[in-house]
Amino acid sequence: MELLVNGKSYEVDVDEETTLLAVLRHDLGLTGTKYGCGDGDCGACTVLIDGEAKNSCITPLDSAVGCEITTIEGLAKGGDLHPVQEAFVEHTAFQCAFCTPGFIMSTVALLSRNPQPDDRQIRAALTGNICRCGTYVRILQAAKAAAERLAQKGGE
Amino acid sequence: MTTISELHEDAALVVTGPPQWAGELELREAPGPEATLLMMDRQGGAIAFSGKVEYGQGIRSGFSLAIADELDLPLDSVRLILGDTDLVPWDRGTVGSVSTMTVGIQLRRAAATARGALVTLAAEHWAVDEASLATSEGHVFISGEPSRRVSYAELLQGKDLRLPIPEDTTTKRAEDFVFMGKDAPRTDALDRVTGQAKYSQDIVVDGMLHGKVLRAPSYGARPQQIDTAGAERVPGFVMLVRDGDFVGVVCEREDAAEQAVDAIRVRWQEEQNLPSDSDFPAALKEKAKEMIVLREEGSPAEGFAQADHVLEGSYFVPHVANVPMETSTAVASWDGGNLTVWSGDRAPFVVRDELAQALDMSQDQIRVIAPEVGGSFGTKGTVGVAQEAAVLAKAAGRPVRVAHSRSEEFMWGTVRPAALFEIRSGFNADGQIVAWEYTAYHTGDRPQRGQRGADTPYNTPNVRISVADSASPLRTGSYRSLGCAANHFAREIHIDEIAATLNMDPVELRLMNLTHPRLSRVLRQTADRFDWESRRNDSSVGIGVAIGYDAGSFVAECVEVAVRRRNLRVQRVVAGIDCGLVVNPEGVRNQMEGSIVMGMGTALREIVEFDSGRLLNPALSRYRVPRINDTPEIEIVMSGDSTTPSTGAGEPGIVPIAAAIGNAVYAATKTRIRDLPIVPRLG
């Protein structure tokens, strides 16, 4: 099967029911996407499928074939961090950071469909992601800061 | 893999010292030889070594700031090597919020030693007095003449210095800090937001296979009949390893290993008569072991006889799960008789020693490396997956990775002990507490873990504090502020009941009974910032307060809740901490916020449900941890001063939060919360 990940095409030879998460981590070596629960309960495995945030641990590979998949490794462009990544650094919106790739991908998806979300919309968009270190206050701040950053960039 | 001798070859200057650890917050020297604490290479950069691991607390950053400050180096010239048993000083594990106060201090002294040596070299270089020299950004210069300077790299050319830390080493005063005491971003931030940070789950070794272990459906269950034919038919199956009750499969892929282990047919013999969660709290008293009196002063009997009021209450906290986001994972690789294990564990030396014992090897044949650890909160301190991976790798003759699934982590990781408390207090009409009898029962895997935080910080003349261990059907282990957070929940709810009995302000009642100046100060400052006085008059919400102590630090928290039947929202938290000298305020705030959110989980909804040795809710959809839409506004107040030595910041924040929320719920609803979790008990 052919898979398009971070703008690159990969040929993978696995059972079609294999999860997208397993393929990303095992076959493509993209370990930035994390296993947290395998049930779609925690969001650690969030990737973008055609721009939408999805739990890759419950996404069968064949359902992602033909789509553009973006993982945390594909966000920074030419060495420049994505504004959401910058905002997470600036607000130290992590501790152990195991959940961070998932939160960043969910935030990127939110801002692409709603560039100016309010507090409630951010919470709603990120409630499928768990940060057990409890850095939610900072994640909220980072999401807001990223929205502002993107708005400024768009206006430039 | 780097070896310590390779590092030594590159080093121009090495500072050695004994490994250190804290027992009961007292600094002790650890067993074992002098270890390399810090080295400088010929380019003038520093590498520091510590057996602590980075599991989110930001210790790599904290140590880096401290070393950069003491050595007057740019921050990016400092590198940390953590948690690798072949490279770092012995360490008992990253526990008890003591890294900054023990290893942090020792690394500062090591860095100061190196700086002293560089100044001596510069004094020889210019033939001047050392007192006329100063250091800044990797250079020594002549005081008042910053242009007359020489770089550390230049001074270290051709040098091969080995220095123990001298007794009289002095570290910098707070007013001279360049990095410490100021907000600093994490030095490891970039790898964490780009997916490059390598956790144990991400370790890939050449030729690595994947193992899965057959797990019992309930604690104590033993396999009677095992049919493994189905496993062997799974594509990618490599081998099956069986040793007594231990059954593991090894496959080419992790998903194949899961399928293979699921395909094993087993008839289990399960233990009978194991308790269920509904047997608690009664089981805590029934299964109690020896009662230990921690403190007895005055005469509680006389105190109760003379008191205007006597109040009794009993309180309960259930078993709760640590739920680190990264499940326990290890990769084991054999090279002849030597074993290397990458294990996402908080205590790599403990894992090494337990592996040596279990596999009948000597410690120096085993290297344990803790990569980035995706959360611990007290769990991940056992040999579990590391040993399983080692056994499977030996059988397979290739490296093997074993990772817990989420349900395995719930069942075969560890949980926070349950506890029951019986408190009897005697107090006068003016609010003075004159008698205090406190009896606690904590389940636990090791004795006396419930003693932490059991003693009352209030000044009461007649006191008896007793704690007993009790048995649990679950695998109990450590947890953030183990025992201490539970003890504080009971005590601080009871204190609120005393205030309510007397119709007194709960802040005022606490202050009246406190004589500890740091605790009183943090309570006053927190209540002020919360605007306690005026928030009391807002009848649309409930406000609550609680205080506490842990890891040498003092904390106070005020919370505001809104309650409508079973809909309980924590809206605002103001938390004060006095942890002495703050190395990185941003780090302390982050830890406090995290502790509060985690403690909110234990207060509101978390409970491990079990029946006859089986877990009933081993999934994140059924075990409800805090999520972003539960998050209140949180403000942190720093109440310590920089002349007091640093104490813990990673745990104290969780200590008062459950009681503060319970007390706020009482203020809002007049329903007194004595048992956790709260939400199922509302409406």
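Reply: Let's go with helix α7 of chain B, residues 254-262: 7 of its 9 residues are buried, so it is largely enclosed by the rest of the structure. Buried here means that 20 or more other C-beta atoms lie within 10 Å of the residue's own; 12 or fewer makes it exposed, anything in between is partly exposed, and the C-beta atoms are placed from the backbone. Helices (H or I, at least four residues) and strands (E, at least two) are DSSP runs, numbered from the N terminus.

Before going on, a word on where this comes from: it's a predicted model, where local features need pLDDT of at least 70 and side-chain atom pairs count only at pLDDT 80 or more, while totals for chains, interfaces and linings use all residues. Residues are numbered from 1 along each chain as its sequence is written, and chains are lettered from A, ligands numbered from 1, in the order in which they are written.

Back to the helix. The buried residues of α7(B) are B:Glu254, B:Asp255, B:Ala256, B:Ala257, B:Gln259, B:Ala260 and B:Val261. Their cover includes β11 (209-213), α6 (229-232), β13 (237-243), β14 (246-251) and β22 (400-403) of chain B, together with α1 of chain A.

That brings in the other chain. In total, 44 residues of chain A are in contact with 45 residues of chain B, where contact means C-beta atoms, placed from the backbone, within 7 Å. On the chain A side, the elements giving two or more residues are α1 (20-27), α3, α4, α5 (119-126) and α6 (136-155). Of these, α6(A) gives the most, with 4 residues. By type, the chain A side divides into 24 nonpolar, 14 polar and 6 charged residues; Ala, Val, Leu, Ile, Met, Phe, Trp, Tyr, Cys and Pro count as nonpolar, Asp, Glu, Lys and Arg as charged, and the others, Gly among them, as polar.

Two of those chain A elements also pack on each other. Helix α3(A) (residues 83-90) and helix α4(A) (residues 100-113) meet at about 130°, axes 9 Å apart; the axes are lines fitted to C-alpha atoms over the stretch in contact, and angles run from 0 to 180 degrees between N-to-C directions. The pair is therefore oblique, as under 35 degrees counts as roughly parallel, over 145 as roughly antiparallel, 65 to 115 as roughly perpendicular and the rest as oblique. From α3(A), A:Val84, A:Gln85 and A:Phe88 meet A:Thr100, A:Ile104, A:Thr107, A:Val108 and A:Leu111 of α4(A). That contact has 5 nonpolar, 3 polar and no charged residues.

Chain B has a helix pair too: α17(B) (residues 585-604) and α18(B) (residues 657-669) pack at about 55°, with axes 8 Å apart. These two are therefore also oblique to each other. The contact uses B:Ile596, B:Gly599, B:Met600, B:Thr602 and B:Ala603 of α17(B), and B:Ile657, B:Ala658, B:Ile661 and B:Gly662 of α18(B). It comes to 6 nonpolar, 3 polar and no charged residues.

Stepping back, chain B has 18 helices and 32 strands, and 56% of its 683 residues count as buried. Its C-alpha trace spans about 75 × 75 × 45 Å along the principal axes.

How values were computed: Two residues are in contact if their C-beta atoms, placed from the backbone, lie within 7 Å.
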